[in-house]
Amino acid sequence: MPRTLVMTDSTCDLPPEWVRRFDIRIVPTYVQYGLESLADDGVQLTRTDFYRRLATNEALPTTSAPPLGQTHQIMAQALDDADHVVALTAPAKLSGIYNTFRLSAEQLGRERVTLIDSGMLSMGLGWMVITAAEAAQQGAEPVEIKKAVANMGPRVDVWAALDTVEYLRRSGRVGWAAAMMSQLLQIKPVIRLYDSEVTALTRVRTSQRAFDTLVELAHKAAPLERLAVLHTNNLPGARRLAETLADIHPAHEPVMVDVTPVIGVHVGPNGLGLGIVRQS
Amino acid sequence: MVEQSSQLPSEQVVCDGHTLKLLAQAGRDWLDTHHPLVNQLNVFPVPDGDTGTNMLMTMRNAVKEAIEVDSDAIGQIAARIAHGAVMGSRGNSGTILSQLWQGFAHALKDQRTLNAELLVRGLREAADTAYRGVIKPVEGTILTVAREAAEEAERAYQDTHDIVTIMTRAVDQAKDALARTPQMLPILQKAGVVDSGGSGLVFIMEGMLRYARGQEVTLMQFEAAETEDLAAVLAPEDEQGYGYDVQFILKGENLDVNTVRAVIDQMGWSTLVVGDEEAIKVHVHVHDPGRPISYGISLGTLSDIIVENMQEQFHDYVRERGGHPGHVDHISVPAAHSQIAIESPELNEDDIGIVAVASGDGLARVFRQLGAAQLVMGGQTNNPSTQEIYDAIVNVPAKRVIVLPNNKNIILAAEQAARLVTDKHADREVIVLPTRTMPQGISALLPYDPKGDLDEVSEAMLQAKDDVRTGEITTATRSVELDGVNVTEGQIIGLVDGKLTASGDSIIAVMRDILDQMCGKDCELITLYYGNGLNEAEARQLVDEMSQDYPNQDFELVNGGQAHYHYILSVE
């Protein structure tokens, strides 16, 4: 029995093969169409279905944290399978996911669960989970894993160039979204997630300018330890971004991630982003 | 669904597990009936989905689990409801609701029937557990509503041991607490609503009480009178009420999403326009649903048309808002674009503020929406005075100001005004960015960050101004030969980045000419600001023609309202 397992939520956007390789336990989050609630586990709601539905005449879906009971079940199973669980979640400031982890940990035994609010989403969270999983696989103690993640935290950044600010405004999760948009002009925001805060870096009006802004940000942050290219149903754009950043790729292949619908609801289709870790 | 029930009054009627199932169903159904309203109240920046929907899904699962249990012991049923709530909980509000049920169930553990003492203890434990279920409890939320209900139940218990009477007082107190939530949470006050989670809880408790009193609890029936106290604190979206929610799919050829979005957005609010050249999905809230639909029909065929009367849904609630603190500062966006109410940015002394010169009321709106704190009207033939610019700078609440002259003939006056300001006010810093055209000013404003470092912000803005090329189309006021272009008085002329480069007999010919000069392979977006001598229909027709020539570019049409210039173009 492994001594420590790593657990997270589906907003981490980790490719399935990595999830399998490290036996990472993932709690799904939910997209809600009215009273129809679908887990973003790639089975109940696939990326393809999600973006198809987004383009049709349905009301915009909302998103929700998993039921407390589901987090509880997955955590209980992980504790059956290992001595200890290190759990990293989406920012408590942005989602109720963390709270379901916290309540579950309290019910199941706080001493066996190391709970970390990653302050990150998508591959920002994903990279932290991978770091934890690698350490766990090498037999690190929970306290050491926590230290490794904490050491990494400040070096993790997520940037996203959204095709429109409308989804962000409608999601209501960032107060400034409404203020940054213009009813008269099409505005594309470039945003940053860092330490649980979503901020606007700039506004642009063309996708080329948005693309260039991401490239500039990545170059400024180089040398990089990890790099993931993120997109919302925009694989061609992601490929082009990965190629453009070939000069600063870390040793391994860049990871390309079609982000989970739960995040897609809030940022909208046709977005591009980067989830990076700076070298220490 | 509970149709009609016998009364459940007084001590002599036993409230056992079976009764609790029916009570929970009544709570669920009453919430079901009202959950759209609860959704509408959701204003928190950190919601997980819609509060009403989340709470309803939680209650549905709670009841479903309880119904499956064959027991009359109230403790067992309560535990089952709590389990169902935990397993079915959705979002923050659902999680808190599940914790309320867990606390309630804990108090009733091993009990067969409910009595007054257990009810009071149950409500207390429910509230306590819910407070513990939240990382940082905040007053003015569902927590406050639950706690005040529990406290009132404790007080009532001193006077009576009648369950229904205690419950009645608890529900009344819950409603009262709900009505006071805007006073506890500024964000609610600002949005003019009561707390959504709290109102969900009130509906659940009220549904249960209605059942206990033998009142009807039917689905989808609005009982405005019962919830009138909520009405007083609900503000409509604007003075004209909630209006209509209009949705449709527009199918056509060569549709321009950005233009459609811009036009639709000027008709109402909560706009969402997405799609491609062949199909566009439109969603907008308007007061006149005919406008977006007529506009859609003018461009192609419509399908999946949905028009919902939001007014009807809420008319019982939106009765009066006079004098109540709930309606301050709500964002109002009337349908007619000439009256678009724009919130001026809330600047602190330490922020950076923007002064922009605009040559038309439409351009002024654009600058305003992008964050300019003060506008000075002026342009080619009516340059504003140094005094006007000076006044605008000192009227900015922020001490650091960036000025966008947006015309080469205004840059000097702006610099002079800036010097006068800093000479007179040592605590002020003013930077004039040499923007020479309106599009340059608009482009410069994009990276503006009021909280940033002045040097960094002005540097980013300076760079951004050169992201666009500017075209201007006007009528020659005299005959001249300039820059190798021959112009006769009355002819249409075109300028590219301030330089005369084209002349012709029609606007469209000149526009073709200058776009040909300006729009290279990388060009992605062409924005046309039409002047005050043109109307939207003419301008739109021109855009339609030009988009044939530039099928790979997006066009945006904006009412610039400038004098003399038929069109100002920005190409990027």
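**Note on the interfaces of a two-chain predicted model**

1. In this predicted model, 57 residues of chain A are in contact with 66 residues of chain B, contact meaning heavy atoms within 4.5 Å. The two chains bury about 4700 Å² between them, and carbon and sulfur atoms give 50% of that area. Buried area is the accessible area (1.4 Å probe) that two parts lose on being put together, summed over both.

2. On conventions: the model is predicted, so local features need pLDDT of at least 70 and side-chain atom pairs count only at pLDDT 80 or more, while totals for chains, interfaces and linings use all residues. Residues are numbered from 1 along each chain as its sequence is written, chains are lettered from A and ligands numbered from 1 in the order in which they are written, and side-chain values use heavy atoms, with hydrogens and water left out.

3. Between chain A and chain B there are 3 salt bridges, where a salt bridge is a side-chain nitrogen of Lys or Arg within 4 Å of a carboxyl oxygen of Asp or Glu. Arg205(A) forms a salt bridge with Glu556(B), with the closest N and O atoms 2.9 Å apart.

4. Which elements of chain A give two or more residues to the side that touches chain B? They are β3 (30–33), α2 (47–55), β5 (62–64), α3 (68–81), α4 (97–108), α7 (166–171), β10 (197–204) and α9 (207–221). Helices (H or I, at least four residues) and strands (E, at least two) are DSSP runs, numbered from the N terminus. The largest share, 6 residues, comes from α4(A). By class, this side of chain A has 22 nonpolar, 25 polar and 10 charged residues; Ala, Val, Leu, Ile, Met, Phe, Trp, Tyr, Cys and Pro count as nonpolar, Asp, Glu, Lys and Arg as charged, and the others, Gly among them, as polar.

5. Chain A is assigned domain 1 (4–152) and domain 2 (155–278), the bounds coming from an automatic or database domain assignment. Their C-alpha centres lie 21 Å apart. The contact takes 36 residues from domain 1 of chain A and 35 residues from domain 2 of chain A. The area buried between these domains is about 2900 Å², with 66% given by carbon and sulfur atoms. On the domain 1 side, Tyr51(A), Trp127(A) and Met152(A) supply 24% of the buried area, more than any other three residues.

6. The rule finds 2 salt bridges across the interface of domain 1 and domain 2 of chain A. Lys93(A) and Glu197(A) form a salt bridge, their closest N and O atoms being 2.6 Å apart. On the side of domain 1 that touches domain 2, β3, α2, β5, α5 and α6 (142–152) of chain A each give two or more residues. The largest share, 8 residues, is that of α5(A). That side divides into 19 nonpolar, 11 polar and 6 charged residues.

7. In chain B the assignment gives domain 1 (15–231), domain 2 (244–314), domain 3 (342–465) and domain 4 (469–571). The C-alpha centres of domain 2 and domain 4 of chain B are 29 Å apart. Here 7 residues of domain 2 of chain B are in contact with 8 residues of domain 4 of chain B, and the buried area is about 640 Å², 39% of it from carbon and sulfur atoms. Asp256(B), Asn258(B) and Thr259(B) lose the most area on the domain 2 side, together 52% of what that side buries. The interface of these two domains has 0 salt bridges and 2 residue pairs in polar contact, both at pLDDT 80 or more. Helix α11 (residues 257–267) of chain B gives the most to the domain 2 side, with 4 residues.

8. Over all chains there are 3 aromatic pairs, the rule being that rings of Phe, Tyr and Trp (its six-membered ring) pair if their centres lie within 6.5 Å, with planes under 30 degrees apart counted as stacked, over 60 as edge-to-face and the rest as tilted. The ring centres of Trp18(A) and Trp127(A) are 5.7 Å apart and the planes stand at 45°, so this pair is tilted. Trp18(A) lies in helix α1 (residues 16–21) and Trp127(A) in helix α5 (residues 122–137) of chain A, so the pair ties together parts that are 109 residues apart in sequence.

9. The whole structure has 38 salt bridges over all chains. In one of chain A, the side chains of Arg3(A) and Glu141(A) meet at 2.4 Å, N to O. Arg3(A) is in the segment before β1 (4–9) and Glu141(A) in the loop between α5 and α6 of chain A, 138 residues apart.

Methods
A polar contact is a pair of N or O atoms within 3.5 Å; within protein, one must be able to donate a hydrogen and the other to accept it, and residues adjacent in sequence count only if both atoms are side-chain atoms.
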